[in-house]
Amino acid sequence: MPSSSPATSPDLSTTHWPRVLLLWFCGLVAAMQFAKISLAFVPLQLHYAVSAASMGWVLSTAGVVGLLFGVTMGLLAPGIGYRRLLLGGLWLGAALALAQAALLPLPLFWASRVLEGASHLALVVAAPTLMAASTGPGHRSVAMGLWSTFVGAAFAISGLLLPWVLAGAGLVAVFYGHAALLALAALAVHRMVPTDALPLAPLPGVSTLLARHVAIYTHWETALPGLCFFCYTFLGLALLTFVPSLTGTDRYWMVAVLPLTGVAGTFCAGWMAQYWMPPLRLVRWAYSALAVMALGLGGCLLAGWALAIPALMLMFTAGVCCGSSYALIPYLNATSAPQALANGAVAQMGNLGSTLGPPAFALALSLWGGAGLVALVLCSAGLGLCLALWGKRQHTRRSQGA
């Protein structure tokens with residue numbers, strides 16, 4: 001394991017809040033690599049004159065890269081250097097967004113999304129690791145709660161700005177704007193994040209990478225955050241997509257309010273984990289509460305009552321599940337190298353959940369209506385609770401053996 005530079009020291013006694021906020025901004029522009037395609041989906045489909053399914057592959061390609069190579073990036077990070085990895089991801093992303101502004105032919109545009117997946121992966125592995133290292137022990141869970149809001153915040157901000165940009169300046173401006181934000185973040189990182197000054201770990205070979213993949217998922221400290229996060233991502237995007245259609249006349253404002261409610265729950269999880277209860281206990285309570293909220297939504301469906309309030313409560317609780325899963329990373333892993341591995345597992349499991357969840361929920365809704373949605377949420381909550389209880393048992397054994 002490499003020695004830690006000032007940027008990656010786990011012993012920081014105070015919190016460098018400007019750096020923490022900058023690293024959160026890096027996550028924000030990373031999530032916009034998905035949001036810009038998702039929210040400009042129809043204009044892009046019309047421009048390229050392709051089916052929704054074809055454009056769906058363009059959207060999901062970046063996530064597939066994370067699914068396949070999330071852990072690999074976490075393993076390579078100590079040998080590359082976290083600051084170098086972050087800067088590489090930002091500058092690569094800016095160059096790709098600039099190229100996309102030329103509205104490349106579809107095969108080249110799709111190829112740029114493959115590379116954009118690598119850029120995204122570098123950012124979501126390096127930035128939270130550097131954020132945890134830039135935070136004192138008294139604020140670490142709060143910082144991780146802030147970090148875990150980056151996807152929801154990016155979609156909320158993009159949802160407000162992109163329609164205005166598209167109407168006023170067209171598709172090209174979306175990509176130019178994203179390139180400018182990525183470049184701005186890179187310049188700020190150059191100035192505010194200390195250099196990886198100390199010796200780096202040697203880069204692992206292919207056989208070592210395969211062995212370490214197995215090791216990550218057989219060591220509960222690095223595996224548990226990603227596995228718990230999978231239970232959230234399996235349902236998170238699906239709830240945002242399908243719940244508004246169940247709320248009848250409330251669906252239009254629910255489209256805007258649901259993501260913000262999830263972000264609020266995610267951020268609150270950081271404060272809860274820091275000042276109320278340890279992250280491992282919070283995960284258990286969060287998934288237990290999620291099951292209760294799902295039953296409440298199901299009861300309202302059966303009774304024919306308004307669904308807006310229970311849907312918002314369900315989304316807030318799901319956000320707490322998300323934030324508490326992120327808070328597990330520094331709680332269970334004290335130094336930067338295992339944190340990077342855990343972040344890689346989170347990226348991989350998160351992409352797996354986002355890939356499997358929406359089609360599973362769509363099928364359940366088509367077969368059983370709202371009851372199918374409630375049943376899948378209950379399954380996710382039950383799995384998350386079982387994983388949290390397993391983590392509690394492992395943590396108790398570790399504490400007794402210390």
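**View 1. The second largest pocket and its lining.** Twenty residues line the second largest pocket, with Leu75, Pro78, Arg212, Ala337 and Leu341 nearest its centre. A pocket here is an open set of points on a 1 Å grid over the protein atoms alone, where a 1.4 Å probe fits, with protein on both sides within 12 Å along at least five of seven lines; lining residues have an atom within 4 Å of a point. Helices α3 (52-80), α9 (206-218), α10 (220-246) and α14 (336-368) each give two or more residues to this lining. Helices are DSSP runs (H or I, at least four residues), numbered from the N terminus. The lining divides into 14 nonpolar, four polar and two charged residues.

This is a predicted model: local features need pLDDT of at least 70, side-chain atom pairs count only at pLDDT 80 or more, and totals for chains, interfaces and linings use all residues. Residues are numbered from 1 along each chain as its sequence is written, and side-chain values use heavy atoms, without hydrogens and water.

**View 2. Thr129 in helix α5.** Thr129 is found in α5 (residues 106-133). Thr129 has 0% relative accessibility, so it counts as buried (under 20% relative accessible area, 1.4 Å probe, protein chains only).

**View 3. Around Phe361.** Phe361 is one of the residues that touch the most other members of the largest nonpolar core, which has 102 residues. Such a core joins buried Ala, Val, Leu, Ile, Met, Phe, Trp, Tyr and Cys residues through side-chain atoms within 4.5 Å.

Key:
Nonpolar A, V, L, I, M, F, W, Y, C, P; charged D, E, K, R; others polar. Buried < 20%, exposed > 50% of the residue type's maximum accessible area, 1.4 Å probe, protein only.
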